Amino acid sequence: MLSVHLILFLAFGAVAVAGAINLLAQTHPINSALSLIAVMAALAGEYLLLGAEFLAAVQVIVYAGAIMVLFVFTIMLLNAGVEERTKGSRVAIIFGIPGVLIGSVLLGWVMLRHSGTEAVAAGALPGAPGVIGQLLFHEFLLPFEITSILILIAIMGAVVLASKPPTTSVGPATLTAEQKVNT
Amino acid sequence: MPIWLYILASVIKSAIVLVVLLTAVAYTVWLERKVVGHMQNRWGPTRVGPFGLLQPLADGAKFLFKEDLTPPHVYKPLYIAAPLIAVIFALTSISMIPFGNSVTIAGYSIPLQITDVNTGLLVILGMTSIGVYGVALAGWSSNNKYSLLGGLRASAQMVSYEISLGLSLVGVLIMAGSFSLRDIVNSQGGHFWGFIPRWNIFTGQFIGFFCYLMAAYAETNRIPFDLPEAETELVAGYHTEYSAMKFAMFFMAEYANMITVACLATLLFFGGWNGPLFGPAILQAILPVFWFGAKIFAFLFLYIWVRGTLPRFRYDQLMAFGWKFLLPLSLVNVIATAIAVAW
């Protein structure tokens, strides 16, 4: 049976896959970033069709709206040029192709194994904001808080790694920074 | 309600809302020129029509007939897409806004809203957060340093203030217990002691309202937060290279965003269409929409008033204000509201 829901679901899925392929195929970073935004938005559409309105909205706000803006911002700030084409690294060939093969075999095996089970109806899973809040802040409070602390540590680590040691003299340090901007 | 009638009602509602919104955008520009003119002891537009009332039409015709110049050094696909992104997401977010209760036509109850989504507020936030790309990509694809700086400033500013904007609304959400704008407005009905309306602004959300207003002004790139298009430093910022209708699209997006902000402020903090009802039945049906419009007008006037009054922030002041003042304040508001509600 081909309902409107299923057609839309397949269409969003096709957009997501096409966006992901385009992300790899494009040579310019900004086009790749925009493809990733399309993937995120298509995923939000899939969530919406599965009855998770809250998750869909959050997906758009957080991923498509905030994180990807930072990606685009970085690309704009660095003014990254067109990507250089290489023949590909040897590591990618040695580990990448077998990895992909093993991954797809595993995925196919799991799918075949569970082919008899019934699919979950759209909207049958808990997706209301209240339910998600209960789960996050009640049942999974400890993992949630530990994840936030992990992210905080990662942010602080990034700041420590990125920041240069403080310089007391004004002359040479600022000059080099300006030179960097000019080049 | 049969499906064809539902679709017909939706199409008619969308058409009416779009026409009203675009007219409102055009006349907000007129209002701004007129009011700022009078604030600066000038007349503002007076030549086209009485009180210059036909000026928006003249401007629109001018935008249509101007040469649509595409500079040779731009990255064309994104240069064309950027104004479209800006204007489409600015106009779409109005579809979640309810203007009043439902009206009953021929036995069918039709809500005065294009669509009532149960996460309406989040959808609007999502739309506005996608709209940032219009400005950012315009700045980047123009291949011009002033545009690029404008686009960078705009994206940094919008990402920074989006957090305060979201957090400032959490207080209202805690009080209403719903993301649906209709439910939020309905939760603000009734009066204290018979005369003070139960609007969120009077039930302890004034800090939230202050944070919302500041963050929303920054999100719409309006004075005093209009650094992305600071004329004194950046020529015209991200839209330096745009002309004719493409420029007009950015203009429309900015004013449509202003109207959305005014609508949200009205719905979330000032009781939406709630107001005194009196007179015969027909007046009782029209008055809610009138109150809603009047409150939006007040917010738009405030926008213009602020523009005529305040100078522009410096960039470091903007970032310090957003991160060191507005964000902590909105967090305090969230915690205080949560404690007060849990009490």
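This is a predicted model: local features need pLDDT of at least 70, side-chain atom pairs count only at pLDDT 80 or more; totals for chains, interfaces and linings use all residues.

Student: Okay, how many helices and strands does chain B have?
Tutor: Chain B has 11 helices and four strands. Its radius of gyration is 21 Å, close to the 20 Å from the globule rule for 343 residues, so chain B is as compact as a globular protein of that length.

Student: And what box do the C-alpha atoms of chain B fill?
Tutor: Roughly 60 × 50 × 45 Å, taken along the principal axes.

Student: Switching topic: how many residues does each chain bring to the contact between A and B?
Tutor: Chain B brings 20 residues and chain A brings 16. On the chain B side, helix H4 (120-141) and helix H5 (145-176) each supply at least two residues.

Student: Which element gives the most to that side of chain B?
Tutor: H4(B) does, with nine residues. By type, the chain B side that touches chain A has 13 nonpolar residues, six polar and one charged.

Student: Now I've clicked on B:Tyr212. Is B:Tyr212 buried or exposed?
Tutor: B:Tyr212 is buried, because 27 other C-beta atoms lie within 10 Å, and the cut-off for buried is 20 or more. You'll find B:Tyr212 in helix H7 (residues 206-219) of chain B.

Student: Which residues is B:Tyr212 in contact with, leaving aside neighbours within four places in sequence?
Tutor: Those are B:Leu165, B:Ser168, B:Leu169 and B:Ala265.

Key:
Residues are numbered from 1 along each chain as its sequence is written. Chains are lettered from A and ligands numbered from 1 in the order in which they are written. A residue is buried if 20 or more other C-beta atoms lie within 10 Å of its own, exposed if 12 or fewer, and partly exposed in between; C-beta atoms are placed from the backbone. Two residues are in contact if their C-beta atoms, placed from the backbone, lie within 7 Å. Ala, Val, Leu, Ile, Met, Phe, Trp, Tyr, Cys and Pro count as nonpolar, Asp, Glu, Lys and Arg as charged, and the others, Gly among them, as polar. The radius of gyration is taken over C-alpha atoms; the globule rule is 2.2 Å times the number of residues to the power 0.38.
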